[in-house]
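User: I have a model open and would like to go through it with you. Can you take my questions as they come?

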Amino acid sequence: MKLLRTFGLAFGLLAAQPASAALKVFACEPEWGALVQALGGSNVEVYTATTALQDVHRIQARPSLIAKYRQAELLVCTGAELEIGWLPALAEKGNNPRVMPGKPGWFEASRHVTMLEIPAKLDRAEGDVHPYGNPHIQTAPANIARVAKPLAEKLAELDAAHAADYRAAQAQFDTRWQAAMAKWSDKARPLQGVAVVSAHRSWVYLYQWLGIRELAALEPKPGIPPSGAQLESVLATLKAQPAKLVVYAAYQDRRPVDWLVQRSGLAAVELPFSPGGAPGTDDLFAFFDVTIDRLLRGLAGSKP
Amino acid sequence: MFRIPRAAIGACIAIGAPCAAIAADAGNAFNPKISLILDGQYAHYSSEAEAEVPGVVLGPETEFAPKGFSVGETELAIESNIDDQFHGWATVALENEDGDTVVALEEAYINTLALPHGLALKFGRFFSDVGYQNHQHAHAWEFADAPLAYRALLGNQLKDDGLQLRWLAPTDLYLELGGELLRGDGFPAGNDGEDDIGASTAFAHVGGDLGASNSWRLGLWHFDGKASDRRSGEDIETGFSGKSRISGLDLVWKWAPNGNANVRNLVLQAELMRRSEDGTVVSDPDGAADSSAYNGDQLGWYAQAVYQFMPRWRVGLRYDRLSASNEVANPVAGTSLELLANDGEDPQRVSAMVDFSNSEFSRLRLQFNRDESRGGDAADNQVILQYIYSVGAHPAHQF
């Protein structure tokens with residue numbers, strides 16, 4: 001009984017807390033956190049659940065994440081089963097029907113872009129494949145623009161009082177973004193046709209945009225760390241089909257990359273992968289600036 | 001743990017390109033999420049003595065895994081959202097019992113999806129949310145066997161039929177309060193249908209992060225159960241009638257550099273529980289029926305660390321200990337009453353393991369136990385080689 005009374009008291013105290021005026025947004029990945037911030041400004045309070053230094057496939061359903069999930073009014077995630085290992089666990093414990101799939105507080109970015117690498121067959125022998133396609137859509141700037149519009153509409157729907165602000169911010173963002181995209185495409189022209197090896201198949205959208213050719217991935221199958229034999233086979237592939245760069249993200253294991261660089265003479269390029277994945281990449285513009293710069297610098301430094 | 005549904009046709013129109021692929025499987029898109037756990041081991045024990053623990057009467061199904069090769073629990077789990085308000089989950093386990101395969105309904109519950117104010121209700125048969133390890137299925141444990149405290153005081157895991165209410169505070173500090181009303185069939189209760197509610201629990205969890213690399217959860221819990229001729233034991237049974245209460249404390253601490261558990265990570269886990277029982281114990285109730293008044297306290301704890309030192313490879317160390325202080329009025333020699341009265345032994349165990357997980361769906365584990373849970377100086381050196389494979393839907397594990 002005493003416990004029940006304490007329970008009741010705590011419930012009363014906490015339920016009485018005044019709701020904050022800003023729309024509480026829970027962004028699964030830094031790119032969506034940055035985008036919501038760009039579109040929402042001071043009308044939103046953004047919490048970003050993961051960082052670019054973490055592997056978003058494998059996030060622990062930590063108590064701190066559950067506590068934030070509980071308070072969210074809008075969830076903005078990549079979807080396409082990228083968060084399948086942890087978002088269902090947050091939902092199970094987070095007791096927040098507002099952000100359930102299908103409810104107004106649920107926004108899945110991958111629904112608004114054209115997915116690549118949708119597997120023809122679903123077999124776990126192919127590794128941790130994503131049945132809805134490669135979920136790393138944030139690596140191409142066109143996808144960011146495609147997501148921005150419906151996201152602004154979602155914000156306007158949930159926070160009707162500021163609907164005009166969100167739409168104006170989106171229009172302004174789009175103008176700046178289209179100009180930046182033209183600049184990046186122009187600057188990245190030397191990368192066209194360049195052959196690369198990736199640690200994980202993280203950049204198919206970037207490669208498609210810039211015309212980069214991905215010869216191989218260090219992971220034999222998605223989600224399965226490379227073994228010595230796999231690395232040897234990548235090295236053999238490189239003998240037949242030379243590449244210029246090994247591309248990896250900050251959160252990925254550096255050792256297989258180093259192994260390949262030592263034996264192949266390829267230049268290693270660490271890409272941010274998500275905003276915050278390299279110093280000075282917290283906003284989306286800087287994120288692509290640094291991505292292009294690092295690829296170009298890698299190309300300039302690679303052996304002919 | 002629900003699957004994120006994608007309205008296949010809607011997405012297909014929105015996306016355009018992959019229409020055919022999505023539409024093709026739309027017919028079975030509403031099938032529930034199904035997973036099958038294949039679990040088995042090879043076990044070697046240096047001692048042939050019966051696996052009893054002085055100072056306690058063990059619950060049913062707490063014996064060691066059979067020596068040699070054996071298939072453990074093969075577990076089939078099916079789950080799905082039922083509608084916009086309810087989610088259902090069932091786990092059916094196929095177990096070996098004396099050479100026969102028996103089907104056991106391990107879990108079968110409904111939980112709410114849309115209660116307001118951070119509330120959630122669960123009803124049916126489920127693992128209780130007391131303690132840290134209790135709600136985890138055996139295949140998610142960090143070692144091949146349950147901690148000694150769980151084995152001796154909770155019959156490996158507290159599971160019962162009933163109802164659970166949880167409330168999650170709308171604060172940045174994780175604070176969860178909950179309670180359960182149970183039938184009272186799960187050890188250490190043993191209600192035998194005498195009362196409508198044979199057991200109840202209350203629990204509180206707090207947790208958070210410390211910087212980007214550390215996260216923790218602390219739990220406090222209580223169990224209150226009634227037993228009315230609670231039976232346990234293999235050949236000769238022991239009955240207990242009376243009250244059984246447990247209070248527990250659990251802590252888990254996880255470390256991963258920048259929160260990235262991919263390459264290296266560490267999980268520290270410790271639990272402490274104290275059980276108080278008061279009533280009557282009867283040895284061999286269907287035969288000799290030696291009876292004794294019994295009033296006892298047992299304290300069990302364990303601490304373990306599991307470290308992933310490179311992708312796929314982890315090592316772990318665990319220490320277990322149990323102590324008891326029991327008053328048994330009539331400790332008839334050669335019976336379970338004498339075993340219960342033998343409270344000065346302080347059973348303990350040290351375990352070390354190494355496991356290899358090729359992917360999130362497979363794990364191979366080698367474990368060594370120096371087991372002194374039978375009491376005395378005699379140690380049982382145990383070697384367990386275990387496999388755990390998960391077929392089907394992607395697992396989403398709780399913290």
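User: In what order do the four strands of the open sheet in chain A come, and is the pairing parallel or antiparallel?

Analyst: The order is β6-β5-β7-β8 in chain A, and the pairing is parallel. Strands here are DSSP runs of E with at least two residues, helices are runs of H or I with at least four, and both are numbered from the N terminus. Two strands pair if DSSP finds at least two bridges between them. This is a predicted model, in which local features need pLDDT of at least 70 and side-chain atom pairs count only at pLDDT 80 or more, while totals for chains, interfaces and linings use all residues. Residues are numbered from 1 along each chain as its sequence is written, and chains are lettered from A and ligands numbered from 1 in the order in which they are written.

User: Which are the edge strands?

Analyst: β6 (213–217) and β8 (267–271) of chain A, each of which pairs on one side only. On average, neighbouring strands of the sheet are turned by 30 degrees against each other, direction ignored. Axes are lines fitted to C-alpha atoms, for helices over the stretch in contact, and angles run from 0 to 180 degrees between N-to-C directions.

User: How many bridges join β5 to β7 in chain A?

Analyst: Three bridges, between β5 (residues 195–198) and β7 (residues 245–249), which run parallel. A:Val197 has A:Val246 in β7(A) as its bridge partner.

User: Which strands does α9(A) lie across?

Analyst: β5, β7 and β8 of chain A, with α9(A) running at about 170 degrees to β7(A). α9 (residues 254–264) also meets α8 (residues 228–240) of chain A: their axes come within 11 Å and cross at roughly 35 degrees. The crossing is right-handed, that is, the near helix is turned clockwise from the far one by less than a right angle (left-handed if anticlockwise).

User: Which residues meet there?

Analyst: From α8(A), A:Leu231, A:Val234, A:Leu235 and A:Leu238; from α9(A), A:Pro256, A:Trp259, A:Leu260, A:Arg263 and A:Ser264. By class that contact has seven nonpolar, one polar and one charged residues. Contact requires C-beta atoms, placed from the backbone, to lie within 7 Å. Ala, Val, Leu, Ile, Met, Phe, Trp, Tyr, Cys and Pro count as nonpolar, Asp, Glu, Lys and Arg as charged, and the others, Gly among them, as polar.

User: Switching to the interface. How many residues does each chain put into the contact?

Analyst: Chain A gives 50 residues and chain B 52 residues. On the side of chain A that touches chain B, α1 (2–15), α3 (63–71) and α4 (87–94) each supply at least two residues. That side has 26 nonpolar, 13 polar and 11 charged residues.

User: How many residues of α4(A) are buried?

Analyst: Eight of the eight, so α4(A) is largely enclosed by the rest of the structure. A residue is buried if 20 or more other C-beta atoms lie within 10 Å of its own, exposed if 12 or fewer, and partly exposed in between, with C-beta atoms placed from the backbone. The cover over α4(A) includes α3 and β3 (74–77) of chain A together with β7 (159–168) of chain B. A:Asn95, which follows α4(A), has a positive phi, near 45 degrees.

User: And chain B, how many helices and strands?

Analyst: Four helices and 17 strands. Its radius of gyration, taken over C-alpha atoms, is 22 Å, close to the 21 Å of the globule rule (2.2 Å times the number of residues to the power 0.38) for 399 residues, so chain B is as compact as a globular protein of that length. Of those 399 residues, 40% count as buried.

User: Which way do β9(B) and β10(B) pair, parallel or antiparallel?

Analyst: Antiparallel, over 12 bridges between β9 (residues 199–210) and β10 (residues 214–232). Their hairpin has three residues between the strands, and B:Gly211 takes a positive phi near 70 degrees. β10(B) also pairs with β11 (residues 238–255) in the antiparallel sense, over 17 bridges.

User: What does B:Gly242 touch?

Analyst: B:Gly242 lies in β11 of chain B. Leaving aside neighbours within four places in sequence, B:Gly242 is in contact with B:Ala227, B:Glu277, B:Asp278, B:Gly279 and B:Thr280. With 18 C-beta neighbours inside 10 Å, B:Gly242 counts as partly exposed.

Key
Two residues are in contact if their C-beta atoms, placed from the backbone, lie within 7 Å.
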